[in-house]
Every structure is written in C-alpha cells, then in structure tokens.
Amino acid sequence: MLTVFNRKELITLVSMEKMFHVREALSNAGIESHVKSSGAMAFTAGRKHGIPFVDQDSAYTYTIYVHKQDYDRAVSVIQPALRNA
C-alpha cells in the first residue's frame, strides 16, 4: 500500500496518453503506483468544457508515485513506455 510516507515521485507528465502507457508498464511489472492530477493553469480547474486556444492535453499534469523500494526498478520499466508512447 502506498502512503505519503513510503512513496516517491517517479515522473510528472503532461500527456494523458503517456500517463496511461507508464501506468500500464508499471502494472505489468507488478509495481503499485498512484497518480495525482492537477490543473496546470488555475483557470482550467473544474471546467468541464474546452477553453479556446488551450491544448487540453497539456492543461493538466499527472504526477506518478511509486513505493520507495520500487523506484529504481520503476525507472527502468517505464523507459520503453516513454519511447513508444
């Protein structure tokens, strides 16, 4: 189980597609992960519709956390997922 005390930030992404690829690679390797998403721009938070001239793919950031003990293995596991995404 991941808690605030035993997790470490693995990577922060701005693409939901890459986030899904990374989470899938971690899951396939048996590494538990947690994602925290946040709005990259304050005015997009909570909005359910698009904002003109704002790329919705980069309007949010996705920070992926893993257990501290799994960090080194997770770094090597996600490399192919980042190259192929």
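This is a predicted model: local features need pLDDT of at least 70, side-chain atom pairs count only at pLDDT 80 or more; totals for chains, interfaces and linings use all residues.
Local features need pLDDT of at least 70 and side-chain atom pairs count only at pLDDT 80 or more, while totals for chains, interfaces and linings use all residues. Residues are numbered from 1 along each chain as its sequence is written, and side-chain values use heavy atoms, with hydrogens and water left out.

The protein chain has two helices and three strands, taken as DSSP runs numbered from the N terminus (helices: H or I, at least four residues; strands: E, at least two). Along the sequence they follow the pattern β-α-β-β-α.

The three strands make an open sheet in the order S1-S3-S2, paired antiparallel; two strands pair if DSSP finds at least two bridges between them. That leaves S1 and strand S2 (33-39) as the edge strands, each pairing on one side only. S2 and S3 are joined by seven bridges, and Val35 sits opposite Ile64 in S3. H1 packs on the sheet and touches S1, S2 and S3, whereas H2 packs on the sheet by touching S1 and S3. Contact here means heavy atoms within 4.5 Å.

As for the inside, 31% of the 85 residues count as buried, meaning under 20% relative accessible area (1.4 Å probe, protein chains only). The largest nonpolar core has twelve residues, among them Leu13, Met19, Val22 and Ile64; such a core is a set of buried Ala, Val, Leu, Ile, Met, Phe, Trp, Tyr and Cys residues joined through side-chain atoms within 4.5 Å. Strand S1 (7-13), helix H1 (16-28), strand S3 (60-67) and helix H2 (71-84) each give two or more residues to this core. Leaving aside neighbours within four places in sequence, Leu13 is in contact with residues including Met19, Val22, Tyr62, Ile64 and Leu82.

Terms used: Buried means under 20% relative accessible area, exposed over 50%, partly exposed in between (1.4 Å probe, protein chains only). Axes are lines fitted to C-alpha atoms, for helices over the stretch in contact, and angles run from 0 to 180 degrees between N-to-C directions.
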